[in-house]
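Visitor: Hi, I've got a structure open and a few quick things to ask. Can you walk me through it?
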Amino acid sequence: MERALLFSLERKRRFTEGHDIEGILYVNGVALCYTLEHKLWMIPQGVYSVAYCDSPKFGRKLPLIYNDSDYKASRGLRIHAGNSISDTKGCILVGMNTKTVGSNPYSIRLLESKSALEMLCKIVELNLASKMVLVIHEE
């Protein structure tokens, strides 16, 4: 029987006037870290495959998100480190904590992003023999 590693991203709009979409990434039902996406480029709700492969842009292996219809692997959507929505154009950023800055609209900053990414990559590396799936849904 094939083992599976299920990632689940639960998103919520913390502040509707901003472009920050905050979420929590779960691995097999256990909360792992916070996520951040830009509202204009966020990945639609749905089920996605997750691969772990080299990223030419980042010069290292990173989780790659894709499906068989709109989001082909060649599109290069990744889960990577970053602190604010200015660090992404459609990818999912991860961090161990969040901080709210500014006012009207507020912005969300991810903290300890590299730590969160390293933890996520270690989990993926330990489960390379498993089928990896990401389910994205709104809270």
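Visitor: Let's start with one side chain: is Glu-118 buried, partly exposed or exposed?
Guide: Glu-118 is partly exposed, with a relative accessible area of 42%. Here buried means under 20% relative accessible area, exposed means over 50%, and partly exposed is in between, using a 1.4 Å probe and protein chains only. Keep in mind that this is a predicted model, where local features need pLDDT of at least 70, side-chain atom pairs count only at pLDDT 80 or more, and totals for chains, interfaces and linings use all residues. Residues are numbered from 1 along each chain as its sequence is written, and side-chain values use heavy atoms, with hydrogens and water left out.

Visitor: Got it. Which residue forms a salt bridge with Glu-118?
Guide: That's Arg-60, with the closest N and O atoms 2.6 Å apart. The pair links distant parts of the chain, 58 residues apart: Arg-60 sits in strand β5 (residues 60–66) and Glu-118 in helix α1 (residues 113–126). A salt bridge here is a side-chain nitrogen of Lys or Arg within 4 Å of a carboxyl oxygen of Asp or Glu. Helices (H or I, at least four residues) and strands (E, at least two) are DSSP runs, numbered from the N terminus.

Visitor: And how exposed is Arg-60?
Guide: Arg-60 is partly exposed too, at a relative accessible area of 27%.

Visitor: How many salt bridges turn up in the whole structure?
Guide: The search finds 1.

Visitor: What about the radius of gyration?
Guide: The chain has 14 Å, which agrees with the value near 14 Å for a compact globule of 139 residues. The radius is taken over C-alpha atoms, and the globule rule is 2.2 Å times the number of residues to the power 0.38.

Visitor: How much of the chain is buried?
Guide: Buried residues make up 42% of the 139.

Visitor: New topic: where is Tyr-34?
Guide: Tyr-34 is in strand β3 (residues 30–38), and at 29% relative accessibility it counts as partly exposed.

Visitor: What is Tyr-34 in contact with?
Guide: Leaving aside neighbours within four places in sequence, its contacts include Glu-22, Ile-24, Leu-93, Met-96 and Leu-110. Contact means heavy atoms within 4.5 Å.

Visitor: And how far is Tyr-34 from Gly-59?
Guide: They are 25 residues apart in sequence and 23 Å apart in space, C-alpha to C-alpha.
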